[in-house]
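User: I am new to reading protein structures, and I would like a close look at a single part of this one. Could you take the pockets as that part, and then go on to the charged pairs and the enclosed spaces?

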Amino acid sequence: MTALPDFRLETYFSRWEFTARYHLTASDAQTMTMAELLELADAEDRHAWETLTLGYTQTFGDPALRQAIAATYAHADPDDVICFAGAEEALYLAMHVLLGPEDHAVVVTPNYQAAETVPLSLCQVTGVALDAERDWALDVDRVAAAIRPNTRVVSVNFPNNPTGKVVDAADFARLVRLCDERGVHLFSDEVYRGLERDPARTLPQAADLSQRALSLNVTSKSLGLPGLRIGWITCRDRKLRARLERAKHYTTICNSAPSEVLARIALKARTRILERNRAVIADNLPVFDAFFAEFDDLFEWSAPDGGCVAFPRYLGSDGVEEFCARLVEEVGVLLLPASVYRSELTATPTDRFRVGVGRLDPAPALEAFSGWLRARRRSGVRPARGPFSSG
């Protein structure tokens, strides 16, 4: 077992997230106030909120919350759900339960850093990269080739962070079957599910397709409620779920009682919240399209298939790291450069940055961004290929 490295994203955010004027790389959808959320409560949950006592809660999670979570699956019961303090605790403990020094894992990249660094601290890991030159396609054959006799976990994330990629349902179903046939647990990070641009492309949840698969989700991303710190794993393997509970005894033990009530209000109102957040993204995307069209000599842009983050390419001769650093230092617009998503397992693009498209009114940030770019253009900063266009 090796020590975990610095969490690059969180280290970067600790410097800039709450000091930058414009947070243009937010990974969560637009949030809401406490009053707005409570307005969505039914009579039962309003009463539960008003009469709540602040004692310990159940380690598995509030039964009413687990019931609300299970209702979002086709083939899960409340007893198939265990709640955690956000998705990070869930991921961390699941890897520790599933993996040991003699085991092996396969991790698809790029990804949220912990998806590879936690397994790497426990065992051997093979990375399989999405193909940036083919719209971040997943090659299931490469995943199959990476699986060894001692492989215990295949870890994926769709809609993907940071690319916004949603794979075809047939490829996802094939991946699930592959893992079942090989006796491998598929760990499926589904935290952006529900924010697909085309709802018809929404993937089934892995736990609905396989008794061995683990579906990870959270209130933070698609629902836009990261302050609740409520995540969960749904898995129909009850023995595995019991091992997850025992692991949780060594971390948070139980969740915040107020957060559990608020989370179940959000889950019951999930359809309305997701409709609102998809509408925010739909309104924002033409604004981002117009911005990147003006500077098409500097950027290659495509909207995400799902979720509320995208991973454009920067073409400037100064490189994406310097570009992002100067942008936040000089005008306070925060983006995440490619180094944050560097993988120890696979070659990853060095010319990309993450942008968030799920927050209300990105116009002020994009105006500051475009003004800065125009000023650089006038001063003679060049893209890596060809001259600046006249537009």
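This is a predicted model: local features need pLDDT of at least 70, side-chain atom pairs count only at pLDDT 80 or more; totals for chains, interfaces and linings use all residues.

Analyst: Residues are numbered from 1 along each chain as its sequence is written, and side-chain values use heavy atoms, with hydrogens and water left out.

Let us start with the pockets. On a 1 Å grid over the protein atoms alone, a pocket is an open set of points with protein on both sides within 12 Å along at least five of seven lines, a cavity is a set of points where a 1.4 Å probe fits but cannot get out, and lining residues have an atom within 4 Å of a point. Grid points are joined across faces, edges and corners, and a volume is the space filled by probe spheres set on the points.

The largest pocket has a volume of about 540 Å³, and its lining is made of 25 residues, with Glu10, Ser27, Tyr112, Lys221 and Arg229 nearest its centre. Helix H1 (8–16), helix H5 (86–98) and strand E7 (214–218) are the elements that each give two or more residues to this lining; helices (H or I, at least four residues) and strands (E, at least two) are DSSP runs, numbered from the N terminus. Sorted by class, the lining has 11 nonpolar, 5 polar and 9 charged residues, where Ala, Val, Leu, Ile, Met, Phe, Trp, Tyr, Cys and Pro count as nonpolar, Asp, Glu, Lys and Arg as charged, and the others, Gly among them, as polar. Domain 1 (8–30 + 271–377) and domain 2 (34–269) both give residues to the lining of the largest pocket, so the pocket lies between them; these domain bounds come from an automatic or database domain assignment.

The second largest pocket holds about 200 Å³ of space. Of its 15 lining residues, Asp135, Trp136, Ser302, Phe311 and Arg352 lie nearest its centre. Domain 1 and domain 2 each give at least three residues to the lining of this second pocket, which by class has 7 nonpolar, 3 polar and 5 charged residues.

Side chains of opposite charge can pair when their charged atoms come close. A salt bridge is a side-chain nitrogen of Lys or Arg within 4 Å of a carboxyl oxygen of Asp or Glu, and by this rule the model has 24 salt bridges.

In one of them, aspartate 135 meets lysine 165 at 3.6 Å, N to O. Aspartate 135 sits in the loop between strand E4 (124–129) and helix H7 (140–146), and lysine 165 in the loop between strand E5 (151–157) and helix H8 (169–182), so the pair ties together parts that are 30 residues apart in sequence. Aspartate 135 is partly exposed at 44% relative accessible area, whereas lysine 165 is buried at 10%; buried means under 20%, exposed over 50%, and partly exposed in between, with a 1.4 Å probe and protein chains only. The loop between E4 and H7 also holds aspartate 139, which is partly exposed at 26%.

Another salt bridge joins arginine 238 and aspartate 80, whose closest N and O atoms are 2.6 Å apart. Arginine 238 belongs to helix H10 (238–248) and aspartate 80 to the loop between helix H4 (63–70) and strand E2 (81–84), so this pair ties together parts 158 residues apart in sequence. Arginine 238 is partly exposed at 39%, but aspartate 80 is buried at 3%.

The structure holds 4 cavities of 30 Å³ or more, and the largest cavity contains about 100 Å³ of space. Its lining includes Thr72, Arg193, Gln205, Trp232 and Arg270, and the elements giving two or more residues to that lining are E7 and helix H12 (270–294). By class, the lining of the largest cavity has 5 nonpolar, 4 polar and 2 charged residues.
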